[in-house]
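The sequence and the model come first.

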Amino acid sequence: MTGFLKKWMPKRFRKDGVTIPVVRLHGAIMAGGSQFRPALNLASASTVLEKAFSMKDAPAVAISINSPGGSPVQSRLIYQRIRDLAAEKNKRVIVFVEDVAASGGYMIALAGDEIIADPTSIVGSIGVVSGGFGFPELLKKIGVERRVYTAGQNKVMLDPFQPEKEKDIEFLKGLQLEIHEIFIGMVKARRGHLLADNLEIFSGLFWTGNRAKDLGLIDGLGDMRGELKKRFGDKTTLQLISGARGLFGRRQPGATISGDMAERITASAISGLADVAEEKALWGRFGL
């Protein structure tokens, strides 16, 4: 409501407090997703972010993060979308960490003008990791012969059904170092003047909220409701911004898969098992 109209409204109909839109960015960060298992990525986050930043009367946007990380690409895309919207709509962004904002989760948190965490939150893990399994010996034991035909000598690089090659590992580590440098650059650009002089900050280690504050990775300790009321007044209300919902009230994912329905269900089931294993591994690093 504009200030002019509000002035002439009867007092009992006026809304004195401010409303702060809240966006929850929770879960492992990965491309894809389905209506049965939504993933945290740009496609799934963009709609709610647009809605939150479009609330004209809100002085700020609050973002709740609870993520162990995942895809560096999707993490950076979400980070960039938040910063672009903040500049476009002239909004302050306040990030609140719940259980964990680590690796890609912390990369997204860097989009905040301020980062607030609980003293027991897990924060950090500024590094890059790749994981997988190797099965060459298993194939020999069960009598299976691996047959791969390629055009291009590196098309089977890091094939889990073949023995590891030193040159493949060196190539992968080179990619990881490049991504790590980009991550470090983002941290320094957003928080360089606040960071403690401690080389372990970029080693991949992670800390509690208490320690993260000492290192300059976050700005303060607290909870969303208490912090926002302290800043904007006791009459401040929080409005959770939700995405579109589909069948049975499930949230719609940000992307869909085309093709035959049976094929889609089968593909989703197989992909879902892999996603579940990957997600559990990500959370498991932090004891969650």
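## Strand pairing and burial

In this predicted model, R24 stands opposite S64 in strand β2. The pairing behind this is between β1 and β2 (residues 60-67), which run parallel and share five bridges. Strand β1 (residues 19-26) also has a parallel partner in β8 (residues 237-240), with four bridges between them; here I20 faces L238 of β8. Of the eight residues in β1, six are buried, so that the strand is mostly covered.

A further set of pairings involves β4 (residues 114-117). Strand β3 (residues 92-102) runs parallel to β4 and is joined to it by four bridges, with F96 opposite I116. Together with helix α4 (residues 104-109), β3 and β4 form a right-handed β-α-β unit. Strand β7 (residues 220-221) is also parallel to β4, through two bridges, and G220 in β7 is the bridge partner of I116.

| Strand pair | Bridges |
|---|---|
| β1 and β2 | five bridges |
| β1 and β8 | four bridges |
| β3 and β4 | four bridges |
| β4 and β7 | two bridges |

Strand β4 is covered on both faces: E114 and I116 are buried on one side, I115 and A117 on the other. E114 counts as buried because its relative accessible area is 14%, and the cut-off is under 20%. Leaving aside residues up to four places away in sequence, E114 touches R92, V93, I94, V95, D219 and R231.

Definitions and conventions. Residues are numbered from 1 along each chain as its sequence is written. This is a predicted model: local features need pLDDT of at least 70, side-chain atom pairs count only at pLDDT 80 or more; totals for chains, interfaces and linings use all residues. Side-chain values use heavy atoms; hydrogens and water are left out. Buried means under 20% relative accessible area, exposed over 50%, partly exposed in between (1.4 Å probe, protein chains only). Two strands pair if DSSP finds at least two bridges between them. Contact means heavy atoms within 4.5 Å. A crossover is right-handed if, with the strands pointing away from the viewer, the path from the first strand over the helix to the second runs clockwise.
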